[in-house]
Amino acid sequence: MPLVKIFHGSYFTEETVEKVNQTIHDALIECFQIPENDTFQLWISTDATANFVDAHYLLPNGKRDSEFLYLEIFCGPGRTVEQKRSLYQTIVAGMEQATSLSKQNMFILLNEVSLENWSFGDGKAQMIAF
C-alpha cells in the first residue's frame, strides 16, 4: 500500500532508476512487510536550479550534492519507531550498495495516512470495510 514519490533534480540512467526503485521496494517488504506486488513509485523531476537544499543541515560528515533524492513515502499507520528506523537504514544501505548515490543524498519523509483516506481506483476505499 505505500506510495513513494521520488523527487530528483539530476538525470539518472534507466539502470539507476531501476536499482533505486528495487532498493526502496525491497526495504518496504523487509521492514514494513508489504506484499511483493505492492509497488507504487512515482519519479518527479524538479528543476535543479530552483531547488534550495542545505548541503550540510544535520549531517556531521559529508554533504548533499546534485544527486540529492527526496523520498516521500505515504503508508498506513501502525509501524513502530524501530520499523521506521530500520526502513531508513535499509534504504540507505541498499542505495549505497546498488548505486553510486551517497547516504547523505537520501532524504526520507514518512507520511502515515489513515486507511479511510486511500482509494486504489473504482471510487472505493478498499482498505476499510463499510
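Lys 84 and Glu 112 pair up through their side chains in a salt bridge, at 3.2 Å from N to O; the term covers a side-chain nitrogen of Lys or Arg within 4 Å of a carboxyl oxygen of Asp or Glu. Lys 84 sits in helix α2 and Glu 112 in strand β4 (residues 106-112), so this pair ties together parts that are 28 residues apart in sequence. Helices (H or I, at least four residues) and strands (E, at least two) are DSSP runs, numbered from the N terminus. Lys 84 counts as buried, at 18% relative accessibility, while Glu 112 is partly exposed at 39%. Here buried stands for under 20% relative accessible area, exposed for over 50%, and partly exposed for anything in between (1.4 Å probe, protein chains only).

All of this comes from a predicted model, in which local features need pLDDT of at least 70 and side-chain atom pairs count only at pLDDT 80 or more, whereas totals for chains, interfaces and linings use all residues. Residues are numbered from 1 along each chain as its sequence is written, and side-chain values use heavy atoms, with hydrogens and water left out.

The salt-bridge count comes to three. Another of these links Arg 85 to Glu 82, at 3.0 Å from N to O. Both belong to helix α2 (residues 81-98), where they are three residues apart, or about one helical turn. Arg 85 is partly exposed, with a relative accessible area of 46%, and Glu 82 is exposed at 51%. Over in helix α1 (residues 14-32), Lys 19 and Glu 15 are four residues apart, again about one turn of the helix. Their side chains form a salt bridge at 3.0 Å, N to O, and Lys 19 is partly exposed at 33% relative accessible area.

The loop between α2 and β4 holds Gln 104, a buried residue with a relative accessible area of 17%. A polar atom of the Gln 104 side chain lies 3.2 Å from the backbone oxygen of Asn 61. With neighbours within four places in sequence set aside, Gln 104 touches Leu 59, Asn 61, Gly 62, Lys 63 and Arg 64, contact being heavy atoms within 4.5 Å.

Past β4, the following segment contains Leu 115, which is partly exposed at 31% relative accessible area. Together, Phe 40, Leu 115, Phe 120 and Met 127 make a nonpolar surface patch of about 330 Å². Patches take residues with over 30% relative accessible area and no salt bridge, joining like charges within 9 Å and nonpolar side chains (Val, Leu, Ile, Met, Phe, Trp, Tyr) within 5 Å. Accessible areas come from the Shrake-Rupley method with a 1.4 Å probe, and for residues only the protein chains shown count as cover.

Note on methods: Polar contact = N/O pair within 3.5 Å; in protein donor to acceptor, adjacent residues only side chain to side chain.
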